[in-house]
Amino acid sequence: MREFFETYIQHQEDIEYFLQESIKNIGNLNGHKKNDFAQLYKVFPSLELVYIVNKETKIQTSCNYYRYRNDINAKDKDRSHLISKLHFKESNIAFSKPYISSATRSNCVTITVKEGDEIYFLDFQIDILLQKLNLIELNKPFHGITKGFYILAGFSMIVLSIITILFSLYDFIMYLVSSHELSLEMIFKPIIALTLSIAIFDLAKTILEQEVFFKSYSKNAKVETKILTKFLTTIIIALSIEALIVVFKIALNDYVQMINAFYLIAGIALILISLTIFIYFSTKRVR
């Protein structure tokens with residue numbers, strides 16, 4: 001939702017010009033009142049609410065005209081708080097700032113038009129408006145399919161991370177109650193499993209946040225960098241713990257195999273250096 005507002009503000013001048021000229025081409029709004037503004041809803045897919053306020057009394061003189069219904073309860077309400085915020089241009093048209101509508105609960109922008117003793121309020125839904133102007137890509141059927149996939153994948157990863165945690169704890173407890181001698185390797189194994197579980201859960205949480213609950217419709221370099229950095233950092237920690245275990249095992253059993261531990265540590269160092277370079281250039285590009 002925040003991205004809708006940001007995109008609208010970036011293209012505000014062009015959007016307001018488009019809406020202003022479109023409303024001018026329609027003609028007087030008073031002529032559409034008898035048909036409950038049905039023609040306006042055909043012309044503007046982003047239009048979601050129309051109502052009329054008396055210019056002198058600041059009282060709403062009409063019901064709320066929605067696309068498929070009317071709400072008579074809104075009639076005779078005082079709208080002076082709305083009119084006081086309006087700054088009409090020479091064309092008798094004023095634009096509000098983007099906001100969340102209390103009537104429809106959607107993100108919208110209101111256009112007000114003076115005609116005689118009446119002021120017409122037209123609420124336009126921002127996401128549909130941006131889509132129609134090709135400022136965002138919003139395909140609802142495809143979005144529904146991808147959202148369902150991300151929900152399935154995200155929650156499956158969360159379940160698997162929980163199973164991994166429970167299994168590692170179960171395996172560790174069973175080892176403790178058995179007659180086996182406690183070893184350093186058995187202590188570090190649950191730590192590695194827990195670290196990987198955190199990485200899986202964190203990735204699932206990020207997927208659900210970005211693609212389901214707070215859907216992102218634009219590419220955000222900061223978010224993508226943060227996701228990759230957080231995930232790789234967790235993987236590096238898990239590999240570092242594994243490398244530590246390998247060093248201990250080789251030091252206790254066979255020094256000849258120490259070169260293998262070196263290769264593992266060198267590989268971790270290479271990943272860390274690559275991640276550092278990636279963060280540096282990504283931060284530089286975003287700035």
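Rings of Phe, Tyr and Trp (for Trp, the six-membered ring) are taken to pair if their centres lie within 6.5 Å, with planes under 30 degrees apart counted as stacked, over 60 as edge-to-face and the rest as tilted. The structure is a predicted model, in which local features need pLDDT of at least 70 and side-chain atom pairs count only at pLDDT 80 or more, while totals for chains, interfaces and linings use all residues. Residues are numbered from 1 along each chain as its sequence is written, and side-chain values use heavy atoms, with hydrogens and water left out.

Seven aromatic pairs are present in the structure. One of them joins F37 and Y120, whose ring centres are 6.2 Å apart and whose planes stand at 75°, so the pair is edge-to-face. Because F37 lies in the loop between α2 (12-26) and α3 (38-43) and Y120 in strand β7 (residues 118-125), this pair ties together parts 83 residues apart in sequence. Helices (H or I, at least four residues) and strands (E, at least two) are DSSP runs, numbered from the N terminus. F37 and Y120 are both buried (under 20% relative accessible area, with a 1.4 Å probe and protein chains only). Together with Y65, F37 and Y120 form one aromatic cluster.

F44 and F124 also form an edge-to-face pair, at 5.3 Å centre to centre and 85° between the planes. F44 lies in the loop between α3 and β1 (47-54) and F124 in strand β7, so parts 80 residues apart in sequence are tied together by the pair. Both F44 and F124 are buried.

Charged side chains also sit over rings (NZ of Lys or CZ of Arg within 6 Å of the ring centre and within 35 degrees of the ring normal). The charged end of R69 sits over the ring of Y66, 4.1 Å from its centre, and that of R79 over the ring of Y51, 5.3 Å from its centre.

How values were computed: Buried < 20%, exposed > 50% of the residue type's maximum accessible area, 1.4 Å probe, protein only.
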